[in-house]
Each structure stands twice: as structure tokens, then as C-alpha cells.
Amino acid sequence: MKSLRIALTKGRLEKDTVALFEKIGFDCSAVKNKGRKLILPVGDNQFEVVLAKAADVITYVEHGVCDLGVVGKDTILEHGSGFYEVLDLGFGKCKFALAGPKNKEFFSGYSSKTIATKYPNVARNYFENKGMDVRIIKIEGSVELAPLLGLSDAIVDIVETGSTLKENGLEVIESICNISARLIVNAASLKIRKAEIESLAERMDRAKEGTE
Ligand code: PRP
């Protein structure tokens with residue numbers, strides 16, 4: 001049978017996942033010395049790693065061309081879930097927050113507010129739950145710029161250390177929810193290759209707890 005294919009979110013989550021695989025005892029030298037290669041073997045071809053952008057990890061897993069994926073809960077909340085989320089990997093910890101200019105009251109006044117975000121669905125759900133009608137503007141990165149330039153009243157974004165907010169004169173108005181990396185699985189793969197997938201997920205879970 002073909003080896004299992006795991007889509008990894010490139011960057012920070014990739015590094016943490018490789019560290020977790022190495023803790024289990026898988027040889028990750030091909031991934032660590034990848035150059036510009038995007039599909040790489042792990043261990044003795046035990047499985048294959050596919051390096052992709054976060055939203056694409058979900059696309060590849062949903063379509064079943066990758067059996068598993070490692071992706072942040074932020075991307076899952078934004079893109080929805082036509083797959084199983086089987087494990088909280090415990091790394092990539094941060095939170096979603098509503099943030100705005102320091103010492104500026106946000107939840108007051110009657111005028112409708114404008115929110116800039118890379119996560120329009122998350123922002124929409126958050127304000128719908130509050131019964132607040134807001135205008136949402138999609139920004140691709142460095143969302144902190146939007147209130148500084150006067151485009152928005154506030155942002156919905158990821159906060160990790162809080163230093164980007166601080167260094168730009170912004171502060172958290174309200175925390176929305178915690179985020180961390182998750183292991184996701186294609187629904188058909190989970191049926192057809194249940195034993196293999198469960199065994200890998202269990203090993204990742206044990207390694208995460210440091211008991212493997
Ligand atoms: C994320 C996020 C914040 C920053 C938060 O951006 O959008 O800008 O990290 O981290 P901090 O609280 O530790 O300062 P990222 O670095 O992913 O880049 P982007 O803004 O271009 O998406």
C-alpha cells in the first residue's frame with residue numbers, strides 16, 4: 001500500500017511537527033534538508049510529508065489527496081471542517097482577539113464599526129454572537145496597519161506574545177478563543193486506513209505528553 005501522506009503547514013508549525021516526529025523516533029532528515037522540494041519522505045518511507053500553506057492543507061485533506069494534515073485551529077475556524085479533527089497537538093499556541101487603539105472605548109456609541117481582519121468568517125461569527133452589525137474588511141497580512149491608517153476601528157487577529165500590538169500602540173479589547181495546532185484526517189482515509197492512522201495519532205499524542 002502507498003505510504004500515508006501528511007500535509008504540514010509550512011513555517012513554525014512545520015518545525016514543531018518535525019520536532020514531534022523526531023521525538024517519536026522518525027528520521028526527518030529529508031524534511032530538514034528539503035531545499036525547494038515540497039514532497040518528502042519521513043523515516044524509512046513510513047509516510048510522506050507535503051509542505052503547504054495553511055488553507056491549502058485543509059483543501060488537500062478535504063479532497064483526500066493527503067490523508068492527514070497539521071494546521072492551526074485559526075485556519076480550521078475560518079475555513080470550516082469537512083474532515084475529522086483528531087488531536088490537539090499542544091503547540092502553535094496563541095489566541096484570537098479583538099484589538100484596537102490603546103485607551104479607546106470600542107463597545108460604546110451608536111455608530112457602526114469597521115473591523116479589519118485576515119479571518120472574515122471568524123470576525124463575522126464573533127460579532128453575530130454579540131448581535132453587533134459591523135463592516136468587515138479583509139486584509140492579507142500585518143492587519144495591525146488598518147487601525148493605524150484609519151481604515152478600521154479595530155482588528156480581529158491572532159495574538160501570540162502581544163508584542164506586535166504593543167509596538168504599534170494597540171491593545172486587546174477582548175480575547176475571543178484559544179488556538180493551537182491540530183491533527184486533521186480525511187474522512188475516507190480514516191475509514192480505509194483506520195489502524196495505521198490511529199496508531200500514528202496515538203504515537204503523536206504520547207510524544208506530545210513526553211511519554212513515548
Ligand atoms: C501574526 C499576527 C500578528 C502577529 C502576532 O502575524 O497576524 O500580526 O503574528 O504575534 P505577536 O503577538 O507575537 O506579536 P504573522 O507573523 O503570521 O504575519 P502576517 O501579519 O503577515 O500574517
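Which residues line the second largest pocket? I looked this up before anything else. The second largest pocket is lined by Lys2, Ser3, Arg5, Glu48, Gly64, Val65, Asp67, Ser189 and Arg193.

**Entry 1: ground rules**

I am working with a predicted model, in which local features need pLDDT of at least 70 and side-chain atom pairs count only at pLDDT 80 or more, while totals for chains, interfaces and linings use all residues. Residues are numbered from 1 along each chain as its sequence is written, and side-chain values use heavy atoms, with hydrogens and water left out.

**Entry 2: domains**

I looked up the domains, whose bounds come from an automatic or database domain assignment. Domain 1 covers 4-92 + 180-208, and domain 2 covers 94-179. Their C-alpha centres lie 30 Å apart. I then checked contact (heavy atoms within 4.5 Å). Here 7 residues of domain 1 touch 11 residues of domain 2.

Two strands pair if DSSP finds at least two bridges between them. Strands of a sheet pair through backbone hydrogen bonds, either parallel or antiparallel.

I found an open sheet of 6 strands in the order 2-3-1-4-11-5, with mixed pairing. Neighbouring strands are turned by 30° against each other on average, direction ignored. For angles, axes are lines fitted to C-alpha atoms, for helices over the stretch in contact, and the values run from 0 to 180 degrees between N-to-C directions.

Strand 4 (68-72) pairs with strand 11 (181-185) in the antiparallel sense over 5 bridges. Helix 3 lies across strands 1, 3, 4 and 11, and runs at about 150° to strand 4.

I found another open sheet, with 5 strands in the order 8-7-9-6-10 and mixed pairing. Why is one side of strand 8 and of strand 10 left without a neighbour in the sheet? Strand 8 (135-138) and strand 10 (170-179) stand at the edges and each has a single partner strand, so one side of each is without a neighbour. The twist averages 25° from one strand to the next.

Strand 7 (114-117) and strand 9 pair in the parallel sense over 3 bridges. Threonine 117 has valine 156 as its bridge partner in strand 9. Helix 5 (120-129) packs on the sheet and touches strands 6, 7, 8, 9 and 10, making about 165° with the direction of strand 8.

**Entry 3: pockets**

I took a pocket as an open set of points on a 1 Å grid over the protein atoms alone, where a 1.4 Å probe fits, with protein on both sides within 12 Å along at least five of seven lines; lining residues have an atom within 4 Å of a point. Grid points are joined across faces, edges and corners, and a volume is the space filled by probe spheres set on the points.

The largest pocket holds about 1100 Å³ of space. Of its 39 lining residues, Arg12, Asp74, Lys118, Tyr119 and Ile158 are the closest to its centre. Helix 4 gives the most to this lining, with 4 residues. Domain 1 and domain 2 each supply at least three residues to the lining.

The second largest pocket holds about 160 Å³.

Terms used. Helix = DSSP H or I, 4+ residues; strand = E, 2+ residues; numbered from the N terminus.
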